[in-house]
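Hello,

Here is the structure I promised to send over. Please open it first, then read the notes below it.

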2 protein chains.
Amino acid sequence: MPTPHGPGGRSPARLQGRATWLVSRAHARAFGLLNAGFEAHGDGLRGYHYRLLAALEEWGPASQAEVGRSTGIDRSDVTAVLTDLEARGLVVRSVDPANKRRKIVTITERGAARLLELDEVVDGVQREFLAPLTAAQRRQFLDLVALLAGKR
Amino acid sequence: MPTPHGPGGRSPARLQGRATWLVSRAHARAFGLLNAGFEAHGDGLRGYHYRLLAALEEWGPASQAEVGRSTGIDRSDVTAVLTDLEARGLVVRSVDPANKRRKIVTITERGAARLLELDEVVDGVQREFLAPLTAAQRRQFLDLVALLAGKR
DNA sequence: CTACCAATGTTGGTACAGCCAACATAACCT
DNA sequence: AGGTTATGTTGGCTGTACCAACATTGGTAG
């Protein structure tokens, strides 16, 4: 359930006006909503799973290192999550014949189907998360936060 | 080498347009800046320490449960961090004589001084974090993200 | 007054995101 | 050939955020 801090949970003015604090709270709220969505949807899939599936579906097969760089997930974490995804049959790994140290990761049909389901969950969360804003405000916010997110 | 897939296009479009993703990235950036600041200037103090000190300075002495509620930090975490802060001489805990199960926490002079130092670090991080935005955009962003952070 | 219930502080544990060090293997580059 | 870089993997660590259980204390209903 979201927002376990009950009523009266104010923040010190010192924090309240600070961007990093507000972003942190907004992130916590979004994170909670996503967690609730993923949990309600059953399987133990988490943010990392979704990110990797999305990247694979979006750009097609790629090596683990590439997928890691494109999602901002560390190589070691990519390995672990991919092992899980492979065990679930959502992804296939095969050694690149042209470069035997690389493993080409491909999303399976089941993986793509699962991704579509997760998409709905994530979209629902977006609506819930952005509910406090009007349509115009949402556009504004997305533009601004994109600048702050930084592209790297 | 094949597939340096695109110049900057890092995140899948699926994620890139989503508020929760962008907020997550912005949060990661802010968190990294804060960590760097704390590591450079606050020996071993982290976000929880700062939050508690700020709350205590802002609202004066309070019980641990109250401070926890006001900062959104769990009771158990409050206990641990407060033990650390007390060991550093930045706060004092004393049993409430009118209610012996409560412990009144008070910030010390040293704690207040430390808080001022941390304030500067945090302020510097704010400037760095908001650097991509103009002054007008910063005001806009703060308003919008405050709505998304959830006031309750 | 007693019995129950609520709040508090504490201990100990989990989950997730993120990061890093070390290693073996493989490819690349003089 | 030798040195460097890239890759996948293992294992570990931190910080934020929760949760469960417990003893102590307060408050309240009977």
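**Where the DNA strands sit**

Helices here are DSSP runs of H or I with at least four residues, strands are runs of E with at least two, and both are numbered from the N terminus.

Some ground rules. Residues are numbered from 1 along each chain as its sequence is written, while chains are lettered from A and ligands numbered from 1 in the order in which they are written. The model is predicted: local features need pLDDT of at least 70, side-chain atom pairs count only at pLDDT 80 or more, and totals for chains, interfaces and linings use all residues.

Back to DNA strand C. It has 22 residues around it. A:Gly47, A:Ser76, B:Gln64, B:Ala65 and B:Ser76 come nearest. By class, this surface has three nonpolar, 10 polar and nine charged residues. Nonpolar means Ala, Val, Leu, Ile, Met, Phe, Trp, Tyr, Cys and Pro; charged means Asp, Glu, Lys and Arg; the others, Gly among them, are polar.

Now DNA strand D. Again, 22 residues surround it. The closest are A:Gln64, A:Ala65, A:Ser76, B:Gly47 and B:Ser76. H2, H4 and H5 of chain A each supply at least two residues here, and so do helix H3 (47–59) and H5 of chain B. The surface near DNA strand D divides into four nonpolar, nine polar and nine charged residues.

**How the two chains meet**

The contact takes 52 residues from chain A and 47 from chain B. Two residues are in contact if their C-beta atoms, placed from the backbone, lie within 7 Å. On the chain A side, H2(A) gives the most, with 11 residues. That side has 28 nonpolar, 14 polar and 10 charged residues.

Chain A can be laid on chain B with an RMSD of 0.1 Å. This takes a turn of 179° and a shift of 0.0 Å along the axis.

**Inside chain A**

Chain A has seven helices and three strands. The three strands form an open antiparallel sheet, in the order E1-E3-E2. Strands pair if DSSP finds at least two bridges between them. Strand E1 (62–63) and strand E2 (91–95) are the edges, each pairing on one side only. E2(A) and strand E3 (residues 103–107) pair over five bridges. Within this pair, A:Ser94 stands opposite A:Ile104 of E3(A).

Which residues make the contact of H3(A) with H4(A)? H3(A) brings A:Arg51, A:Leu52, A:Ala55, A:Leu56 and A:Trp59. H4(A) brings A:Val67, A:Ser70 and A:Thr71. These residues divide into five nonpolar, two polar and one charged.

Best wishes

Methods:
Near = placed C-beta within 6 Å. Least-squares fit on C-alpha atoms with pLDDT ≥ 70 in both.
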